[in-house]
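Subject: Handover of a structure and notes on what was found

Dear colleague,

Please find the structure below, handed over for your study. I would be grateful if you would read the notes with the model open beside them.

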Amino acid sequence: MVKTSLDDQRTRYGAEPGGGAPTKAKITFIDSRGQARTVEAEIGSTVMETARRNDIPEIAAECGGACACATCHVYVDPAWVEKTGARSPMEEDMLDFAFDVQPNSRLCCQITVKAELDGLVVRTPAQQG
Amino acid sequence: MSETIETDVVIVGAGPAGLFAVFELGLLDIRAHLIDILPRAGGQCSELYPEKPIYDIPGLPVVTGLGLTDDLLKQIEPFHPTFHFNEMVETLESKGTAEKPSFIVGTDAGKTFKTKVVIVAAGGGSFQPKKPPIAGIEAFEQKSVFYAVRRVEDFRGKDVVIVGGGDSALDWTLNLQPVAKSLTLVHRRDAFRAAPHSVKAMQDLVAAGKISFKLGQVTDVKGADGELASAMLKGNDGSETQLPCERLMPFFGLTMKLGPVANWGLNLHENLIPVDTEKFETNHPGIFAIGDINTYPGKLKLILCGFHEGALAAQRAHRYVYPERKLLFQYTTSSTNLQKKLGVS
Ligand SMILES: Cc1cc2nc3c(=O)[nH]c(=O)nc-3n(C[C@H](O)[C@H](O)[C@H](O)COP(=O)(O)OP(=O)(O)OC[C@H]3O[C@@H](n4cnc5c(N)ncnc54)[C@H](O)[C@@H]3O)c2cc1C
Ligand code: FES
């Protein structure tokens with residue numbers, strides 16, 4: 001995969017965890033070959049940022065979370081679709097640029113990690129861009 | 001058809017780094033041509049985040065990606081740079097020596113440039129069309145699968161399938177319908193992210209039976225020797241149908257790919273071009289790399305770093321372009337000479 005300009009920028013532009021008493025949530029990414037990776041996410045960051053911080057493969061996120069590239073496409077496990085919420089109109093538009101969009105497709109830069117999402121499972125597609 | 005354009009500097013990429021380099025070169029009387037595969041200037045700023053605010057441009061507390069691009073264009077106006085948009089720089093050949101470099105630069109549109117210096121400001125790579133994950137599609141590309149229309153004649157009398165719901169998909173649906181034998185537009189939903197009048201025009205054509213619209217996606221293609229015969233349409237309801245398809249145009253937006261930069265004989269480190277931090281020159285004398293495409297110890301992929309790199313590269317470029325002239329350090333605030341060049345004195 002191409003190294004994009006975001007590889008070094010995520011730390012600079014990525015949302016940093018806020019103060020207060022943030023807890024962590026566990027997120028499991030399952031890649032297109034079935035390998036699962038479970039990582040800790042900061043509450044308040046996005047699922048995309050969590051993926052980038054933990055070097056999760058198959059998430060390109062070229063636009064760094066601006067909802068402008070559709071290269072952070074994931075399939076939310078059916079059990080979690082309701083909790084992750086609905087797509088915004090902008091995200092719905094942007095999904096036109098993703099491949100093989102399904103009813104449970106999301107752009108994961110648009111999913112903010114909340115305490116209720118502890119245990120979230122998402123699958124990544126083989127090809128983003 | 002090849003026209004050869006002679007110039008001092010060719011800048012590959014019209015992102016913020018390439019744009020500001022024009023300014024720094026211009027102050028030193030060096031003329032530049034900029035080439036970009038995109039239809040407009042601004043690189044990532046205009047393509048990926050035109051409306052988003054940037055907060056770390058020195059002296060500008062906040063500016064959007066598009067705002068910065070517009071300001072840069074205004075700032076370099078006095079130097080009359082020539083832009084070549086919608087063109088990919090494919091080839092870069094060295095003709096000169098280390099002391100007196102000279103290059104021939106070629107684009108995919110058949111243009112040739114003869115230049116003394118090349119500044120590679122290719123950023124995260126060139127923006128290229130996303131290719132759908134259809135097995136074996138490469139074998140058909142440029143023969144019967146196209147990501148852009150170069151010649152409408154290629155579509156005359158053919159069964160055409162267009163996939164997508166944005167402006168490109170709709171524009172080509174409208175433009176190719178009159179020449180195509182049949183045209184099918186395939187999109188994942190019955191909503192379009194395109195100009196309302198094109199959506200209306202497309203719907204009118206569907207209503208009149210002149211084109212057909214299918215909800216779903218293309219999952220497979222069949223054909224031989226690069227010539228397509230049919231495409232498999234997987235409907236949103238799960239149904240599978242063969243569509244007659246001799247020409248396929250998938251429109252899924254753009255992605256950044258390093259592209260031809262890799263073939264120019266430059267040292268590469270993880271898809272970036274190593275440079276020194278005095279002149280931002282590559283391993284090849286006369287070829288510089290500035291902005292996101294370069295790497296050196298401590299590199300930050302920030303717009304402001306690209307600006308600094310362009311300023312220093314311009315100093316060294318001056319020695320190649322005007323070997324006989326001595327470079328005098330001057331401020332734009334106080335030098336009447338520089339102010340004349342900027343058209344403000
Ligand atoms: C969402 C997002 C937010 C950002 N926010 C900030 C911020 O707040 N502050 C900041 O400083 N930076 C920010 N950045 C980074 C900043 O945009 C980049 O550092 C900057 O765009 C790099 O400029 P550049 O001119 O080097 O390259 P680019 O902007 O990538 O432009 C390179 C151009 O070269 C063209 N090109 C490449 N190869 C070829 C070829 N062979 N032929 C023709 N054309 C070619 C490309 O099409 C492209 O247009 C952000 C980036 C993103 C994605
Ligand atoms: S990172 Fe670009 S749309 Fe999510």
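The notes below take up chain B, its interface with chain A, and then some individual residues.

The model is predicted, so that local features need pLDDT of at least 70 and side-chain atom pairs count only at pLDDT 80 or more, while totals for chains, interfaces and linings use all residues. Residues are numbered from 1 along each chain as its sequence is written, chains are lettered from A and ligands numbered from 1 in the order in which they are written, and side-chain values use heavy atoms, with hydrogens and water left out.

Chain B

The secondary structure of chain B consists of seven helices and 19 strands (DSSP runs numbered from the N terminus: helices are H or I with at least four residues, strands are E with at least two). Its C-alpha trace spans about 70 × 45 × 35 Å along the principal axes. Chain B has 345 residues, of which 53% count as buried (buried means under 20% relative accessible area, exposed over 50%, and partly exposed in between, with a 1.4 Å probe and protein chains only).

The interface

How many residues of chain B are in contact with chain A? There are 29, and they meet 30 residues of chain A (contact means heavy atoms within 4.5 Å). The area buried between the two chains is about 2,600 Å², and carbon and sulfur atoms give 50% of it (buried area is the accessible area, with a 1.4 Å probe, that two parts lose on being put together, summed over both). R188(B), R193(B) and K301(B) supply 24% of the area that chain B buries against chain A, more than any other three residues.

Four salt bridges are counted between chain B and chain A (a side-chain nitrogen of Lys or Arg within 4 Å of a carboxyl oxygen of Asp or Glu). One salt bridge joins R189(B) and D96(A), at 3.0 Å from N to O. On the side of chain B that touches chain A, strand 16 (residues 254–257) gives the most, with four residues.

Salt bridges in chain B

Over all chains, the count comes to 27 salt bridges. In chain B, E141(B) and K131(B) form one at 3.3 Å, N to O. Both residues lie in the loop between strand 9 (126–129) and strand 10 (159–163), 10 residues apart. E141(B) is buried at 16% relative accessible area, whereas K131(B) is partly exposed at 37%.

K279(B) forms a salt bridge with D276(B), the closest N and O atoms being 3.5 Å apart. K279(B) also meets E281(B) in a salt bridge, at 4.0 Å from N to O. E281(B) and K279(B) are buried, while D276(B) is partly exposed, with a relative accessible area of 25%.

Residues to look at

Is H80(B) buried or exposed? H80(B) counts as exposed, because its relative accessibility is 56%. H80(B) lies in the loop between helix 3 (65–76) and strand 5 (82–84) of chain B, and its phi is near 45 degrees, a positive value in a residue other than glycine.

F280(B) also has a positive phi, near 60 degrees. F280(B) sits in the loop between strand 17 (273–274) and strand 18 (287–289) of chain B and counts as buried because its relative accessibility is 1%.

Yours sincerely
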